[in-house]
Amino acid sequence: MEIEEKQAEVIDHFVKQASAQKGSALGSVVVEATSHPSLFAFSEILAVPTVAELEGTDNSVHLEVLRLFAHGTWSDYKRNSCKLPQLVPDQVLKLKQLTVLTLAETKKGLVRGKLDQLRRYFEVQFAAGRDLRPGQLGSMIQTLSNWLATSDNLLVTIQDKIKWADTMSELDKKHRKELEDRVLEVKKAVSVKCSMTRPF
């Protein structure tokens, strides 16, 4: 079974569990989900209505833990540990893994795919990622829009350079033809002149 399919099944399992629980009972679901070795994305669980209803209640700490695992890092936990419950060892390991994943995305990225050298492209089969913070999508869209505009401008510049190169090539061919014709005329003229000055 592929990683993506397994993760989808795990997410579905915890979404169903969270949907069936309310209030303090969601605490055990959150601990189990954030400790699960195959689960690295939590947005779907955060979107469950019973989880969202924790906001502003005595049990909102469970929502904050889930948000920490969705968007935060180990440093965020250490900074806010007085407001959050103590993590179990599996949660500590998971949060540290997510922190490494965040750093890897920032520095290098975790991507699996195939490099097709003949066609000169990289086909992405899987890219590990973290959940987006609220409001982060707009920034990402803007970054991608800027990249697209830059790519379009680069493409236009390349096309202009190709047209210029084609024009220069045609001019060069025309100039060579004219030069060859001129050389041929001179050779004929010299040949005629030589034949006229030779004694019979």
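1. The protein has an accessible surface of about 14,700 Å², and carbon and sulfur atoms hold 59% of that. Accessible areas are from the Shrake-Rupley method with a 1.4 Å probe; for residues, only the protein chains shown count as cover. Of the 200 residues, 22% are buried (buried is under 20% relative accessible area, exposed over 50%, partly exposed in between; 1.4 Å probe, protein chains only).

2. The model is predicted: local features need pLDDT of at least 70, side-chain atom pairs count only at pLDDT 80 or more, and totals for chains, interfaces and linings use all residues. Residues are numbered from 1 along each chain as its sequence is written, and side-chain values use heavy atoms, with hydrogens and water left out.

3. On confidence, the mean pLDDT (the predictor's confidence in each residue, from 0 to 100) is 83, and 83% of the residues score at least 70. Helix α4 (residues 49–52) has the highest mean, 93, while strand β1 (residues 111–116) has the lowest, 61. Where pLDDT is low, predicted coordinates should not be read in detail.

4. Eight helices and two strands make up the secondary structure (DSSP runs numbered from the N terminus: helices are H or I, at least four residues; strands are E, at least two). Their order from the N terminus is α-α-α-α-α-α-α-β-β-α. Among contacts (heavy atoms within 4.5 Å) with a separation of 6 or more, 57% are between residues 24 or more positions apart.

5. There are two aromatic pairs (rings of Phe, Tyr and Trp, the last by its six-membered ring, with centres within 6.5 Å; planes under 30 degrees apart are stacked, over 60 edge-to-face, the rest tilted). Phe42 and Phe69 pair edge-to-face, at 6.1 Å centre to centre and 75° between the planes. This pair links distant parts of the chain, 27 residues apart: Phe42 is in the loop between α2 (26–35) and α3 (43–46), and Phe69 is in helix α5 (residues 60–71). Both Phe42 and Phe69 are buried.

6. The other pair, Trp74 and Tyr77, is tilted, with 5.5 Å centre to centre and 35° between the planes. Both residues lie in helix α6 (residues 74–80), three residues apart, about one turn of the helix. Trp74 counts as partly exposed because its relative accessibility is 22%; Tyr77, at 8%, is buried.

7. Leu132, Leu137, Met140, Ile141 and Leu144 form a nonpolar surface patch of about 440 Å². Leu132 lies in the loop between β2 (121–127) and α8 (136–197), and its 32% relative accessibility makes Leu132 partly exposed.

How values were computed. Patch = residues over 30% accessible without salt bridge, like charges linked within 9 Å, V, L, I, M, F, W, Y side chains within 5 Å. Salt bridge = Lys/Arg side-chain N within 4 Å of Asp/Glu carboxyl O.
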